[in-house]
Amino acid sequence: MPQCGFSARVVQALQSEGVDFASVNVLDYPQIREGVKKFSQWPTIPQLYINGEFIGGCDIILSMHESGELGNALSEEKVEDGTQ
């Protein structure tokens with residue numbers, strides 16, 4: 001489980017959606033931490049990308065999870081890549 005409480009909440013949301021995902025502990029890699037912020041033009045970590053598209057940070061991800069939008073976005077991704 002991530003050390004950061006925000007990241008831990010996002011991991012829990014993704015796990016409850018039942019999806020496979022990858023993560024990077026940016027506390028171990030300061031260059032990645034700063035690089036991903038510049039890439040997305042989003043100042044905070046964690047950041048969620050689905051199919052290479054930036055979705056948002058913790059608050060957005062949790063809001064999407066609670067409303068069902070996250071599950072829908074993840075289901076659409078499964079259909080697009082043929083895994084469903």
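## Lys37 and its contacts

Lys37 touches Trp42, Pro43, Ile45 and Gln47, not counting residues up to four places away in sequence; contact means heavy atoms within 4.5 Å. Lys37 lies in helix α2. Helices (H or I, at least four residues) and strands (E, at least two) are DSSP runs, numbered from the N terminus. Lys37 is buried, with a relative accessible area of 17%. Buried means under 20% relative accessible area, exposed over 50%, and partly exposed in between, with a 1.4 Å probe and protein chains only.

This is a predicted model, in which local features need pLDDT of at least 70, side-chain atom pairs count only at pLDDT 80 or more, and totals for chains, interfaces and linings use all residues. Residues are numbered from 1 along each chain as its sequence is written, and side-chain values use heavy atoms, with hydrogens and water left out.

Helix α2 spans residues 30-40, and its buried residues include Val36, Lys37 and Ser40. They lie on the same side of α2 because they cover an arc of only 100° around the axis. The arc is that of the directions from the helix axis to the C-beta atoms. An α-helix has 3.6 residues a turn, so residues three or four places apart point the same way.

Strands β1 (48-50) and β2 (53-56) are among the elements that cover the buried residues of α2. On the face turned away from the buried side are the exposed residues Pro30, Gln31, Lys38 and Phe39. Just after α2, Gln41 has a positive phi of about 60°.

## Helices α1 and α3

Two packed helices are described by the angle between their axes and the distance between the axes. For α1 (residues 5-17) and α3 (residues 58-67), the angle is about 30° and the axes are 10 Å apart. Axes are lines fitted to C-alpha atoms, for helices over the stretch in contact, and angles run from 0 to 180 degrees between N-to-C directions. The angle makes α1 roughly parallel to α3, a term for angles under 35 degrees.

From α1, Phe6, Arg9, Val10, Ala13, Ser16 and Glu17 meet Cys58, Ile61, Leu62 and His65 of α3. By class, this contact has 6 nonpolar, 2 polar and 2 charged residues. Ala, Val, Leu, Ile, Met, Phe, Trp, Tyr, Cys and Pro count as nonpolar, Asp, Glu, Lys and Arg as charged, and the others, Gly among them, as polar. Arg9 is partly exposed, with a relative accessible area of 41%.

Methods. Parallel < 35°, antiparallel > 145°, perpendicular 65-115°, else oblique.
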